[in-house]
Amino acid sequence: MNVLIIGGGAREHALAWKLNRSSRVRDLFAIPGNVGIASIGKCFEISTSDFVQIKEIVLQYQIGMVIVGPENPLEQGIVDFFQSESSLEKVMIIGPTKKGAILESSKAYAKAFMKKYNIPTAKSISVTKETIDQGRAFLQNQYPPYVLKADGLAAGKGVMILDYQKKAESSLEEMLGGQFGKASKTVVIEEYLNGIEMSCFVLIDQNSYLILPFAKDYKRIGEKDSGLNTGGMGAVSPVPFITPEINQKIENEIVIPTVNGIKQENLGFRGVLFIGLTNVNGQPKVMEYNVRFGDPEAEVVIPRINNDLMDIFLALANNTLSEIQLDINPQSAATVMAVSGGYPTNYTTGEHITGIEETQTKNTFIFHAGTQMGKNDRILTNGGRVLTVTSLGNNHHQALERSYRRMASVRFNRKYIRRDIGYDL
């Protein structure tokens with residue numbers, strides 16, 4: 001079967017890398033892809049929002065399955081588009097409908113959903129310009145730090161965590177004033193959950209669900225989790241502090257009520273649900289939902305899955321997930337992200353990357369994110385997050401040591417990495 005991956009980040013490269021190992025996959029394609037994906041498949045410089053051109057590619061290259069990586073095409077209704085086109089009725093597409101994508105595209109909706117289905121989460125309030133006084137009053141009754149979240153999609157950067165009430169109030173005004181465009185027309189203010197974050201991926205079809213290995217990512221740009229939020233600077237899997245008791249709580253108190261709620265609300269969900277969690281003194285609570293694989297968590301979860309990934313996606317598309325028995329590599333995986341200097345605010349692109357061409361080992365893999373091919377076959381930076389190095393090891397220490405050692409040979413102007421991934425384990 002020919003497979004098309006929508007997206008061009010390290011998450012999509014990890015998916016392509018794994019699918020390329022499947023005997024069920026004939027040819028791989030990606031829109032728009034990156035240099036790494038182009039080494040194992042064919043990429044097209046097409047917008048992920050141009051559904052008509054995507055349809056033409058699917059028909060021309062006889063694509064049997066489409067896997068949607070990023071959130072924007074899902075929020076824009078790519079699955080609904082495929083379902084409405086008679087010429088695409090036999091094409092399997094992995095991802096929720098626009099209605100299901102609202103779990104990520106509206107944090108206010110997600111919080112209301114959690115409240116309705118008694119899913120543990122932080123106390124919160126959703127405010128607009130018209131109700132900003134209610135927001136100020138909520139802040140006055142909270143202890144620092146203060147958490148402000150843009151309601152809509154903001155490329156992983158719409159969350160502000162602030163130490164002072166006055167700063168939180170001024171930031172609230174800025175967000176409602178258009179700091180994140182229409183994404184912050186509504187702002188969710190939450191109590192701060194003091195605990196350790198973790199990520200849970202759940203595959204959901206019409207009949208069942210399947211929980212993948214847990215991961216922990218590192219969102220802040222600075223070491224010891226300081227500075228601005230980013231799309232992610234590194235990740236590890238498994239998560240040592242997830243005991244069997246916590247694991248059972250996550251499934252019984254969060255996953256099952258969420259899956260049941262999705263069915264009750266008829267959200268048309270068939271895809272990957274990311275549940276961002278905080279472990280607060282042994283009680284897991286939900287911080288957010290995403291409706292796709294997280295990045296960079298995907299780069300440590302996917303390499304630990306021994307199953308043929310295409311078997312899993314076919315089961316997901318055919319509503320037979322209950323027949324899948326996961327085979328998980330007991331080794332640890334750790335990934336370190338290299339970003340362009342200045343990210344996540346102002347950064348340059350077009351920098352020459354060296355050291356990336358060296359032979360991969362059986363334990364270490366490079367997944368491209370923001371890369372492009374320049375003149376004379378020179379690989380250049382093409383985004384804030386440039387590439388990630390993932391390694392497997394007998395424990396987190398060995399996996400991290402391998403990733404950092406391989407990352408040291410990758411060079412480009414103003415390259416920046418966090419050197420403390422896994423420091424809190």
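**Exercise 1.** Which backbone oxygen lies 2.8 Å from a polar atom of the side chain of Lys415?

*Solution.* Before starting, note that this is a predicted model, in which local features need pLDDT of at least 70 and side-chain atom pairs count only at pLDDT 80 or more, while totals for chains, interfaces and linings use all residues. Residues are numbered from 1 along each chain as its sequence is written, and side-chain values use heavy atoms, with hydrogens and water left out.

Step 1. The oxygen belongs to the backbone of Met407. This is a polar contact, meaning a pair of N or O atoms within 3.5 Å; within protein, one must be able to donate a hydrogen and the other to accept it, and residues adjacent in sequence count only if both atoms are side-chain atoms.

Step 2. The backbone oxygen of Val410 also lies 2.6 Å from a polar atom of the Lys415 side chain.

Step 3. Lys415 belongs to strand 23 (residues 415–416); helices (H or I, at least four residues) and strands (E, at least two) are DSSP runs, numbered from the N terminus.

Step 4. Contact means heavy atoms within 4.5 Å. Leaving aside neighbours within four places in sequence, Lys415 is in contact with Ala338, Val339, Met407, Ala408 and Val410.

**Exercise 2.** How many aromatic pairs does a search of the whole structure find?

*Solution.* Step 1. The search finds 14 aromatic pairs.

Step 1. One of them joins Phe113 and Tyr117, with 5.0 Å centre to centre and 45° between the planes, and is tilted. Both Phe113 and Tyr117 are buried.

**Exercise 3.** Which residues have the most contacts inside the largest nonpolar core?

*Solution.* Step 1. A nonpolar core is a set of buried Ala, Val, Leu, Ile, Met, Phe, Trp, Tyr and Cys residues joined through side-chain atoms within 4.5 Å.

Step 1. The largest has 50 residues, and Val66, Ile78, Phe82, Ile275 and Tyr289 have the most contacts inside it. Helix 10 (residues 244–264) gives the most to this core, with six residues.

Step 2. Apart from this core lies another, of 45 residues, including Ile5, Ile37, Val300 and Ile312.

**Exercise 4.** How many disulfides does the structure hold?

*Solution.* Step 1. A disulfide is a pair of cysteine sulfur atoms within 2.5 Å. The structure holds zero disulfides.

Step 1. Cys43 has a relative accessible area of 25% and is therefore partly exposed, whereas Cys200, at 0%, is buried.

Notes:
Buried means under 20% relative accessible area, exposed over 50%, partly exposed in between (1.4 Å probe, protein chains only). Rings of Phe, Tyr and Trp (its six-membered ring) pair if their centres lie within 6.5 Å; planes under 30 degrees apart count as stacked, over 60 as edge-to-face and the rest as tilted.
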